[in-house]
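Me: Hi! I have a structure open and would like to talk it through. Can you help me find my way around?

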Amino acid sequence: MTLSERVDADLKDAMRARDATKLGVLRMLKSAMKYAAIEKSGAEAEISEAEAVQVIRKQVKQRQDSIESFEKGGRPELAAKEKEELSVLNGYLPQQMATEELTKIVRDTIAELNATSKAQMGAVMKALQAKISGRVDGKTLSQEVQKQLS
């Protein structure tokens with residue numbers, strides 16, 4: 001079952017269960033996925049699993065930013081709503097990579113590319129993105145690469 005099919009099936013289940021929060025999140029997610037497909041190559045296009053994961057990560061990032069803003073602004077009730085939505089979205093992301101595994105993959109990739117300075121960080125990041133395929137967010141990956149290249 002592809003990620004898009006899973007979202008559709010869960011959307012129907014949320015409708016039957018009258019789960020308003022999950023229903024709203026899945027509708028937004030489905031819309032964002034359809035928008036990404038249209039942007040890619042027209043109305044009848046489908047997006048790949050990797051592209052679907054990117055769309056979900058973008059939605060997760062938006063929720064995290066909103067939570068931070070609401071907490072700074074003294075709006076805990078809105079932050080709580082965003083946290084609920086975030087937990088629904090996290091259920092659709094692939095299993096996150098363990099820190100030890102990430103460190104090892106970064107070390108091995110740096111060795112493969114013979115990278116020695118931060119000037120080569122772009123090449124390392126490009127190679128790593130292909131290897132990890134969405135199992136680690138870009139910020140964490142970037143921090144680990146910077147730490148090992150310094």
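**Walking through the helices**

Reply: Happy to! Let's begin with a pair of helices: α6 and α7 cross in a right-handed way. Keep in mind that this is a predicted model.

Me: Okay, how close do the axes of α6 and α7 come, and at what angle do they cross?

Reply: Their axes come within 11 Å, and the crossing angle is roughly 130 degrees. That makes α6 oblique to α7.

Me: Which residues meet there?

Reply: From α6, you have Met121, Val124, Met125, Leu128, Gln129 and Ile132. On the α7 side, they meet Gly138, Leu141, Ser142, Val145, Gln146 and Leu149.

Me: Tell me about α6 itself. How many residues does it have, and how far does it reach?

Reply: Helix α6 covers residues 121-132, which is 12 residues. From its first C-alpha to its last it reaches 16 Å, close to the 16 Å expected at 1.5 Å a residue.

Me: And which residues of α6 are buried?

Reply: Met121, Val124, Met125, Leu128 and Ile132 are the buried ones. They cover an arc of only 95 degrees around the axis, so they sit on the same side of α6.

Me: What's on the other side of α6, then?

Reply: There you'll find Gly122, Lys126 and Ala130, which are exposed.

Me: What do the buried residues of α6 pack against?

Reply: They pack against two helices, α5 (99-113) and α7 (138-149).

Me: Let's zoom out. How many helices and strands does the protein chain have?

Reply: The protein chain has seven helices and zero strands. Read from the N terminus on, its elements go α-α-α-α-α-α-α.

Me: What size of box do the C-alpha atoms fill, and what share of the residues is buried?

Reply: Taken along the principal axes, the box is roughly 55 × 45 × 25 Å. As for burial, 34% of the 150 residues count as buried.

Me: What share of the contacts with a separation of 6 or more is between residues 24 or more positions apart?

Reply: In the protein chain, such pairs account for 54% of those contacts.

Me: New topic: where does Arg18 lie?

Reply: Arg18 lies in the loop between α1 (3-17) and α2 (20-41). Its phi is near 55 degrees, a positive value in a residue other than glycine. Most residues other than glycine have a negative phi.

Me: Is Arg18 buried or exposed?

Reply: Arg18 is exposed, with a relative accessible area of 75%.

Methods: Residues numbered from 1 in each chain as written. Predicted model: local features only at pLDDT ≥ 70, side-chain atom pairs only at ≥ 80, totals over all residues. Heavy atoms only, no water. Helix = DSSP H or I, 4+ residues; strand = E, 2+ residues; numbered from the N terminus. Expected span 1.5 Å × (residues − 1). Buried < 20%, exposed > 50% of the residue type's maximum accessible area, 1.4 Å probe, protein only. Arc of directions from axis to C-beta. Contact = heavy atoms within 4.5 Å. Axes fitted to C-alpha atoms, helices over the stretch in contact; angles between N-to-C directions. Parallel < 35°, antiparallel > 145°, perpendicular 65-115°, else oblique. Left-handed = near helix turned anticlockwise from the far one by under 90°.
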